Amino acid sequence: MPTTLSSNFLKALISVALCLATFGSFRFAQAITRVKVSNVATMKLPKELGDWKTFESPTDISKADVIARKYMNKAGSMAGVVVRTSPSNAVLHDLTSCLINAQANPVVENDEHIQTHSGTLSASLVSFEMKNAQKLALLWFQAGTQTASNRWSWRLISSTSPAVREAPIYFQAEVTIKSSGDKQTDITHLRELSTCIYEELIHH
């Protein structure tokens with residue numbers, strides 16, 4: 001009987017120790033996550049990007065993890081820019097999820113591969129409807145010069161590129177324009193502004 005009691009007591013001690021260790025690891029992981037999030041500086045974008053200039057809008061957002069701005073070019077075309085900053089250990093969501101949740105019925109038309117001075121910007125060209133208006137957007141993931149048009153490609157890059165794998169944060173970017181009826185011109189404008197955003201994010 002004493003042997004049985006000693007054995008049970010020892011098992012209980014081991015269980016408690018394991019629980020404490022697990023709890024400690026969980027708290028440590030939480031602490032790391034909080035540090036990464038809190039160390040993300042508030043995103044800023046220039047007032048001028050190439051031929052595009054920003055202007056104040058009621059939909060502007062400026063937070064530590066997301067910024068939203070409106071831009072206009074010399075021809076009078078307007079475009080919206082949204083950039084979200086995420087810790088590298090954050091849950092990875094597809095860029096079209098917000099559009100799906102907003103019932104905007106997004107359709108991925110194709111991938112765009114834009115050659116820039118710093119590298120190739122790979123983005124998804126997405127059409128959708130919001131507030132009774134047809135819109136086009138380019139969406140992509142980015143860390144440094146590395147980009148991907150969807151989360152599956154981004155997972156692959158994250159696992160094969162040491163620079164991306166070791167980066168503390170990554171960006172999710174969206175450039176949107178209201179359809180003018182001239183799709184090719186709309187895409188040209190999207191490509192122009194997206195290139196500027198891509199080049200800007202390399203330095204963040």
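On a 1 Å grid over the protein atoms alone, a pocket is an open set of points where a 1.4 Å probe fits, with protein on both sides within 12 Å along at least five of seven lines, and lining residues have an atom within 4 Å of a point. Grid points are joined across faces, edges and corners, and a volume is the space filled by probe spheres set on the points.

Keep in mind that this is a predicted model, where totals for chains and linings use all residues. Residues are numbered from 1 along the chain as its sequence is written.

The largest pocket has a volume of about 1,200 Å³. Its lining takes in 44 residues, with Lys70, Val82, Met130, Glu174 and Thr176 nearest the centre. Strand E5 (78-87) is one of the elements that supply at least two lining residues, as are strand E10 (169-178) and helix H5 (183-202); E5 has the largest share, 8 residues. Helices (H or I, at least four residues) and strands (E, at least two) are DSSP runs, numbered from the N terminus.

Now for the second largest pocket, at about 160 Å³. Ala143, Gly144, Ala167, Ile169 and His204 sit closest to its centre, out of 13 lining residues. E10 turns up again here, giving the most to this lining with 3 residues. The lining of the second largest pocket splits into 10 nonpolar, 3 polar and no charged residues, with Ala, Val, Leu, Ile, Met, Phe, Trp, Tyr, Cys and Pro counted as nonpolar, Asp, Glu, Lys and Arg as charged, and the others, Gly among them, as polar.

Terms used
This is a predicted model: local features need pLDDT of at least 70, side-chain atom pairs count only at pLDDT 80 or more; totals for chains, interfaces and linings use all residues. Side-chain values use heavy atoms; hydrogens and water are left out.
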